[in-house]
Amino acid sequence: MSTFSPSEKARAAGAPVEVDVGDIPVGTMKTVEWRGKPVWIIHRSPEQIAGLKTQDALLADPNSKRPGFTPKYAENEGRSRKPELFVCVGICTHLGCSPTSHFETGGGGGMGASWQGGFLCPCHGSTFDLAGRVYKNKPAPDNLEVPPYQYLTDSRIIVGVDEDNKA
């Protein structure tokens with residue numbers, strides 16, 4: 001046995017994760033763990049998808065063009081392969097806290113009247129829309145990370161594998 005080979009535990013920690021996305025109700029999210037991180041899978045409603053378009057002027061990187069956190073297939077307004085399903089790592093890009101979901105629109109919960117739903121980081125106040133795009137003038141320097149993922153079927157995805165990142 002080579003001491004340079006990763007242990008079974010180490011291999012499992014980075015292993016891809018298959019997820020049934022067909023059972024996520026519209027307007028809610030499912031959380032799974034991949035590489036010890038929470039991965040959020042959000043089934044966005046048509047209204048939530050439409051709300052994304054209204055936020056561009058308020059966002060630091062609305063088209064996800066900054067290098068590092070967004071694969072090419074997610075360099076779009078919804079940051080996803082399909083508009084209704086958004087997949088991201090649920091860790092703030094500022095200091096690694098886990099934001100909380102605030103899917104209700106409007107000024108409820110202390111959010112502004114133009115709020116279209118998204119996430120609030122309780123540590124330092126960064127806010128992200130329902131595509132994980134960070135708002136301007138917030139501590140978080142980047143949008144939430146979109147992990148490598150791909151569809152296995154219409155109702156199953158695999159997180160940790162995509163065209164450029166094979167398991």
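**Close-up A. Lys-65 and Glu-75 meet in a salt bridge, with N and O 3.4 Å apart.** A salt bridge here is a side-chain nitrogen of Lys or Arg within 4 Å of a carboxyl oxygen of Asp or Glu. The pair links distant parts of the chain: both Lys-65 and Glu-75 sit in the loop between helix H2 (46–53) and S4, 10 residues apart. Helices (H or I, at least four residues) and strands (E, at least two) are DSSP runs, numbered from the N terminus. Lys-65 counts as exposed because its relative accessibility is 53%, while Glu-75, at 23%, counts as partly exposed. For these words, buried means under 20% relative accessible area, exposed over 50%, and partly exposed in between (1.4 Å probe, protein chains only).

A note before the other views: this is a predicted model, in which local features need pLDDT of at least 70 and side-chain atom pairs count only at pLDDT 80 or more, while totals for chains, interfaces and linings use all residues. Residues are numbered from 1 along each chain as its sequence is written, and side-chain values use heavy atoms, with hydrogens and water left out.

**Close-up B. A salt bridge joins Arg-156 to Glu-18.** The closest N and O atoms of Arg-156 and Glu-18 are 3.4 Å apart. Arg-156 lies in strand S9 (residues 156–159) and Glu-18 in strand S1 (residues 17–20), so the pair ties together parts that are 138 residues apart in sequence. Arg-156 is partly exposed at 29% relative accessibility, and Glu-18 is partly exposed as well, at 48%. In total, the structure holds 10 salt bridges.

**Close-up C. Strand S9 pairs with S1 and with S8.** Two strands pair if DSSP finds at least two bridges between them. S1 and S9 are antiparallel and share four bridges; here Asp-20 stands opposite Arg-156 in S9. Four bridges also join strand S8 (residues 149–153) to S9, again antiparallel, and the bridge partner of Tyr-151 in S9 is Ile-157. S8 and S9 form a hairpin with two residues between them.

**Close-up D. Asp-129 and Arg-133 form a salt bridge of 2.7 Å, N to O.** Asp-129 lies in strand S7 (residues 127–129). Asp-129 is buried, with a relative accessible area of 1%, and Arg-133 counts as buried at 0%. Salt bridges that share partners join Asp-56, Asp-129 and Arg-133 into one network. Leaving aside neighbours within four places in sequence, Asp-129 is in contact (heavy atoms within 4.5 Å) with Leu-52, Gln-55, Leu-59, Gly-117, Gly-118, Phe-119 and Tyr-135.

**Close-up E. Three antiparallel strands form an open sheet in the order S2-S3-S4.** Strand S2 (28–34) and strand S4 (85–89) are the edge strands, each pairing on one side only. Neighbouring strands of this sheet are turned by 20° against each other on average, direction ignored; the axes are lines fitted to C-alpha atoms, and angles run from 0 to 180 degrees between N-to-C directions. S2 and S3 pair over seven bridges, and Val-32 has Val-39 in S3 as its bridge partner. The hairpin of S2 and S3 has two residues between the strands, and Arg-35 takes a positive phi near 55° there. On the other pairing, five bridges join strand S3 (residues 37–43) to S4, with Ile-42 opposite Phe-86 in S4.

**Close-up F. Trp-40 sits in strand S3.** Trp-40 counts as buried, at 4% relative accessibility. The C-alpha atoms of Trp-40 and Phe-86 are separated by 7.8 Å, although the two residues are 46 residues apart along the chain. Not counting residues up to four places away in sequence, Trp-40 touches a set of residues including Met-29, Thr-31, Val-87, Pro-99, Phe-119 and Leu-144.

**Close-up G. The largest nonpolar core holds 31 residues.** Such a core is a set of buried Ala, Val, Leu, Ile, Met, Phe, Trp, Tyr and Cys residues joined through side-chain atoms within 4.5 Å. Ile-41, Phe-119 and Ile-157 touch the most other members. S2, S3, S4 and S9 are the elements that give two or more residues to this core.
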